[in-house]
Number of protein chains: 2
Amino acid sequence: MTQVLGFKFSGVVAGIKKKAGTRDFGLIYAEQACNAAAVFTRNLVRASPVHLAEERVLSGKAQALLVNAGNANACTGPAGMEAALLTTKVVADALGIAKELVLPSSTGVIGQALPTQKMVSAVPALVAELSAPTSDDRAGLDHFAEAICTTDRWKKIASAQIESGGKTAQILAIGKGAGMFHPDLALAGQLPKPDGTGFSDMDFAGLHATMLVYILTDADVDTEMLREALLGAADRTFNASTVDGDTSTNDSVFLLASGLSGVKPSFDEFTQALTSVCSELAREMVRDGEGANHAVTITVRGLQNDAEARDVARSVATSPLVKTAINGKDANWGRLLMAAGKAGIPFDPDRAMVSIGGVCICENGQLKSAEADLAAGEAMKAAEYTIELTLGGGPGTFSYITSDLGHAYVDVNATYRS
Amino acid sequence: MTQVLGFKFSGVVAGIKKKAGTRDFGLIYAEQACNAAAVFTRNLVRASPVHLAEERVLSGKAQALLVNAGNANACTGPAGMEAALLTTKVVADALGIAKELVLPSSTGVIGQALPTQKMVSAVPALVAELSAPTSDDRAGLDHFAEAICTTDRWKKIASAQIESGGKTAQILAIGKGAGMFHPDLALAGQLPKPDGTGFSDMDFAGLHATMLVYILTDADVDTEMLREALLGAADRTFNASTVDGDTSTNDSVFLLASGLSGVKPSFDEFTQALTSVCSELAREMVRDGEGANHAVTITVRGLQNDAEARDVARSVATSPLVKTAINGKDANWGRLLMAAGKAGIPFDPDRAMVSIGGVCICENGQLKSAEADLAAGEAMKAAEYTIELTLGGGPGTFSYITSDLGHAYVDVNATYRS
């Protein structure tokens, strides 16, 4: 159990989720104001807590992270911002800190008014139950991780160590995400605006349930390094994972550094540990994808550059025909080539190589052998495996993680009002 | 029953489809060489018959359209082209015409060798059974329409009249399509090449089962007008429809004009009738979408231009969360706004208006009323209805047709090797 210095956690029942008695209101509190960075969804339709958290984190400082599940506080008009302002103010007052140091986040149903009265009533318990995890007791942390879940089947916590000059700092990440899951995250201050500014051709995933991630470290890292490292890590992990291709209105990743370990890592040392926890959470989220039985890594190689490889990997990872074939354990390499070919990136189909779970099934754009077809089908019985498409001799490569599409995804989403 | 002058049809059992005794080999034969145009899939991974048909139709002339179902002849290497050359040659010889006037097409499983021996053996029957439909007997046409089906639940035939100067010509279209259905068609000679030429940023749908369409008219139209009218009609119909967002390796639309009516329509007169049959077939294909119960038109209004409106309409039409909500008859306007917001097109979410089946459910980015929510849910019980998103005051508008995503789509695709 990682003990990251300087942070306390709590999660309580506020009565926001439909299911009675379920934790749905969480708080992370730092003993002192921390250096802070955050990335948020590029979806133009963003929830009020995203707008408020973006505005506040631009200061580079934060001391508390507030979250509710069961209600996204999105598409709620001016009342949505009032609700975010009110709840963070009540928490700031209870903690005795400036309201600007409290960053809000929400997940759940879109378009319904946030039940602020219930939340305000629960704030005293939320603050009273704050606790730092110890080797004997991590109740606060566990309750927080439970409180942020919606359709998640299990809670998600990852940790790593940051090694620097013979000393060790800790990094801890808590996340949720299972559907409306195709994060497309950009740094606070760099999000697209309705006036058309801030849009970037390359970075729109086009297609994700809310993902929320809270990353805490006791390393001593300045705000600029936090921002740069977080965007880089997000691009290779959260922004390279998908369940359904639908990018949420609420996706948010927060990163706070208390500095209490006294360890001052280099950019590379910090990025390595940060990417490790982000990667672990992204994989957990895809494994927990709504109705998913498989988490499959789609690796594309041989294109001109990584951006081209990413576009092809995303096209394959989001193809319903690929995802149903994964569900059916059908080594349908033809669909893999179809999904690669529709991405709008040039490559020579007659040179394409495809392997599934380490079994080369297609060479020079053709079936290698009936035996390979059978062996690849066997490899697809694994819960996790890799599909590799080598599409030329270029240096560009990128990996995307995706889940399968089966009946259970339909069951979760045909009636759930999210 | 339309009698389009100059064309004969047949469809026979060649033993290509797995299910024994099912028609799977079709032929359309014109009494004389016709002016011809075609659009094909922009997917970079294109089947051998697509390559051959593209090359041949560039001459502007064609006299026979050959098609098989049950095997896509895609990802079959050099043997794929040899098979397309051989089968069209045998048909040309049997008809006594030049092989360059025979345009091939295929649909079915990707990556398996075309059973040319079976096909060659069936050519005499295919030619012998050619017949022109009459008011009493349309067996040839019906057999052709059956022979091209794969996962289609019903055969698809549409017709219209071309009115010009008090005279009337006929147009007849036969199509198939139900899954791997998200046509992204471009004119022969303008398809993307592996060397990176021919790619266009705007036009990649990103995401379709093969669609095959055969359009025949006895109007007197030159090749240039055929090409321009076909691309325009395809962009507003086939290229604006989706079942699963997966663009096939084999999508092809052929247009032949015999001129035998003696009617010489204007571009607008011709385009109107052509668009009418294309629109009817596109709607039929989405209605017949694999596992679909609903065909829903997504109309986006108020953006800067039609291209922006199309990008947003496509993002909504391909969203799994929108499609599962349609399946569940859940008036989930929050997901509609989410899917619009992730398209990368600027608009003010706080001005967004959403109506479902004529019921305005969201105004100024917020729920209008609980009553509207209930009424919209009722409207979603219809097999066909329209969802409108008004996102500003601009002139840009576009409509896309989509189907719902339910268990049945998964059933068709988790095990079918397509």
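Chain B and chain A bury about 4,900 Å² between them, 60% of it on carbon and sulfur atoms; buried area here is the accessible area (1.4 Å probe) that two parts lose on being put together, summed over both. This is a predicted model, in which local features need pLDDT of at least 70 and side-chain atom pairs count only at pLDDT 80 or more, while totals for chains, interfaces and linings use all residues. Residues are numbered from 1 along each chain as its sequence is written, chains are lettered from A and ligands numbered from 1 in the order in which they are written, and side-chain values use heavy atoms, with hydrogens and water left out.

The contact (heavy atoms within 4.5 Å) takes 68 residues from chain A and 68 residues from chain B. Of the interface residues of chain B, 100% are also interface residues in chain A, so the copies meet through the same surface.

Now the symmetry. Chain B superposes on chain A by a rotation of 180° with 0.0 Å of shift along its axis, RMSD 0.0 Å. That is the relation of a two-fold axis. The superposition is by least squares on the C-alpha atoms of residues with pLDDT of at least 70 in both copies. His407(B) is the residue of chain B that comes closest to the axis, its C-alpha at 2.6 Å.

Which side chains meet in a salt bridge? Lys342(A) and Asp246(B) do, at 3.4 Å, N to O. The count between the chains is two salt bridges, each a side-chain nitrogen of Lys or Arg within 4 Å of a carboxyl oxygen of Asp or Glu.
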